[in-house]
Amino acid sequence: MTKPITTRGAGETEALGEALAAKLRPGDAVALFGDLGAGKTAFVRGLAAGLRCEDEVSSPTYALVHEHPGPIPLAHFDMYRVASWEDLASTGYFDYLDQGFVLAIEWSENIEAFLPEACWRVRISPGGTVEERLILIEKSQSEGGAI
């Protein structure tokens, strides 16, 4: 099992997201798990920077999905309010799976049964101080992998 990485502030959390972006390919999914305010959106800002997406990243809480164009486009989902298969289908999630986007999925615990079998799982939890986060990154498929 991989050990969590400790970040000390949003900038370090973004840098870790940017490092993961270097390993991503079109069609990959990044499932983010963590409480409100854990740093999921900061991590996605790093993913977007690493994928060279030029527009600003913010939480898609009310829109449910934001598209960020780039050499490898990013689809950023917020599944906080998704409570059923019908809710999930209405987000357009299934349409994005084969469109060449990297998917960044906040609140993945709400749709865990519908995550791609092979995806990156990013678990963010509080650290020892207000600014610290413990971030565990694992690739969920047989060959494994971590950063």
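Predicted model: local features only at pLDDT ≥ 70, side-chain atom pairs only at ≥ 80, totals over all residues.
Reader: Which side chain does Glu 112 meet in a salt bridge?

Author: Side chains of opposite charge can pair when their charged atoms come close. The criterion for a salt bridge is a side-chain nitrogen of Lys or Arg within 4 Å of a carboxyl oxygen of Asp or Glu. Glu 112 forms one with Arg 121, at 2.9 Å from N to O. Arg 121 is buried, because its relative accessible area is 17%.

Reader: How many salt bridges does a search of the whole structure find?

Author: The search finds three. One of them joins Glu 132 to Arg 8, with an N to O distance of 3.4 Å. Because Glu 132 belongs to strand 7 (residues 132-140) and Arg 8 to strand 1 (residues 5-8), this pair ties together parts 124 residues apart in sequence. Helices (H or I, at least four residues) and strands (E, at least two) are DSSP runs, numbered from the N terminus. Glu 132 is buried at 15% relative accessibility, whereas Arg 8 is exposed at 51%.

Another salt bridge is formed by Arg 45 and Glu 14, at 2.8 Å from N to O. This pair also links distant parts of the chain, with Arg 45 in helix 2 and Glu 14 in helix 1 (residues 10-21), 31 residues apart. Arg 45 is partly exposed at 31%, and Glu 14 is partly exposed at 25%.

Reader: What is the nearest side chain of opposite charge to Glu 106?

Author: For charge, Lys and Arg count as positive and Asp and Glu as negative; His and the chain ends are not counted. Glu 106, in strand 5, is buried yet has no salt bridge, and Lys 40 is the nearest side chain of opposite charge, 4.8 Å away. The side chain of Glu 106 does make a polar contact with the side chain of Thr 41, at 2.8 Å. Such a contact is a pair of N or O atoms within 3.5 Å; within protein, one must be able to donate a hydrogen and the other to accept it, and residues adjacent in sequence count only if both atoms are side-chain atoms.

Reader: Which residue in the loop between strand 5 (102-106) and strand 6 (119-126) deserves attention?

Author: Most residues other than glycine have a negative phi. Trp 107, in that loop, has a positive phi near 60°. Trp 107 is buried, at 12% relative accessibility.

Reader: Where is Arg 52 found, and is this residue buried or exposed?

Author: Arg 52 is found in the loop between helix 2 (40-50) and strand 3 (65-68). Arg 52 is exposed, with a relative accessible area of 58%, and its phi is positive, about 60°, although the residue is not a glycine.

How values were computed
Residues numbered from 1 in each chain as written. Heavy atoms only, no water. Buried < 20%, exposed > 50% of the residue type's maximum accessible area, 1.4 Å probe, protein only.
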